[in-house]
Amino acid sequence: SGDASLAYRLEGHLTTDSGIRSVRLADSFIGRTHLEGTFSRNPENVDVPLVADLRVRTLDLDELQEIFDPVTEFDTVDDRIGFDIPILPSSVPFGNAEIELSIDRLYREAADLTDIRASLDFRHGQLEPSPFSFDYAGTEFQGELALDLRGELPRFALDISGNAGTIDQVLYHEDMIAEARLSADRMEISITSEGATLRQIVKSADLSGRVTNVRWPLELPDSQERLEVRLGEVTLHGPRGEPIVFESEGLVGETPIDLRLVFRDFGRPTGSEGLLAPFRLEARLASTEIDLEGQLTLPITEREFDVNLVVAGQSLSDFAPVIGTDLPPLGPYHLEGRLALNDRLFALQDFSLTLGESDLDGSIEMRRGAGRSQVEARLFSVLTRSRDYLPRLHAIDDSEESPPAESRRTLHDLDSAKLSLEPLQGFDADVALEIERLDTGTGPLEHVSV
């Protein structure tokens, strides 16, 4: 390429013996890529494979692409590879070859790969299933790769497995998560696909895999405590043309959880460097059912969400171990709304709550800043029953006999309890509440406005 300006040095020895040509390369380099090895082939007999034993001390693919014609001319503003830019060539048959390849270090923007080893077997114009291994973030991975570029749509199959103790480092370096605190024991993934562009490859991919013994410590909001999520095995299924589904069972703290996470079509959002990942999460936590639907922008962060939310259960107290604080035994309940959460904002917008026979609609926002937090709420209820919010009081009132000892203690505690406004000192609030009918148990109140 006339635009290339890479220093190079090729040193070696060329021999021809009985029609077989051999090249032995000594310490040679092109730019930052340093290599040595041997090549031999018979140019008069195409059935005899090229045989090579190649050692690459350092490999810089980004730099080397300057001396080759690209697969396609980029038409993006910053010449980045987009989802609809071809990254694999087509109609390219391979010659027969047997190549032993070792690469000490492959330079990458995200994180370097080291100790790459591969035995490549090219036959009938394609790469037959060939074993390989490499080291990423201190962990060795093994696998097998097959590649066919002869048709209009390139086809490939990839199997990869390895110790997943540093899976969080892999996801972090590849901009999938924003913080590296995830661990697991082992990971296995299989992919078969066809296509020249990333979008074609993703849409036609047939995925399967599993990750064992996943552990994910979560920080509780406004708390120094951590809650650990433990999943025995996470299975991955993504048949061609279908959404990618993760399923697992495990524990959140000591509470059992079943979950199903579905990712649909991936794409790059306008004006964003990250990938947009539409998802739906269905989980059952004790007697609580959770349904979240929205879009995640990679890298994923624990502290930033904007999702449609559905939470339902028999009692709020079942959810207490998860959030690390006591909750009253109120229920059954059903909550729907949109949840927006980041370091400065907690917003539950356009929500609808049913608690027993009571209802509550509206929006609540809490904004945090350098000074006092600001809370704003606009709430409306057609029917609010005190029985649904204070069931223990009504249980005592409904008793025809003398209250049992536990109820008498409850009454005593309520009589002697002192109202404290201390929790309200940390924020300012602007709250409006409209109730069409308030049932206190002794008689209804109409059109209550606070």
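Modeller: At 42% relative accessibility, Asp 115 counts as partly exposed; that class lies between buried (under 20% relative accessible area) and exposed (over 50%), with a 1.4 Å probe and protein chains only. The model is predicted: local features need pLDDT of at least 70, side-chain atom pairs count only at pLDDT 80 or more, and totals for chains, interfaces and linings use all residues. Residues are numbered from 1 along each chain as its sequence is written, and side-chain values use heavy atoms, with hydrogens and water left out.

Asp 115 belongs to strand β7, residues 113–123. Strands are DSSP runs of E with at least two residues, helices runs of H or I with at least four, and both are numbered from the N terminus. Asp 115 is not a glycine, yet its phi is positive, about 50 degrees. Most residues other than glycine have a negative phi, and most peptide bonds are trans.

His 124 also has a positive phi, near 55 degrees, and is not glycine either. His 124 sits in the loop between β7 and β8 (126–136). With a relative accessible area of 62%, His 124 is exposed.

Now the other peptide-bond exception. Gly 331 and Pro 332 are joined by a cis peptide bond, with omega about 0 degrees. Pro 332 is in the loop between α4 (320–323) and β19 (333–341).

Last, a charge over a ring. The charged end of Arg 32 lies over the ring of Tyr 107, 3.9 Å from its centre. The test asks for NZ of Lys or CZ of Arg within 6 Å of the ring centre and within 35 degrees of the ring normal.
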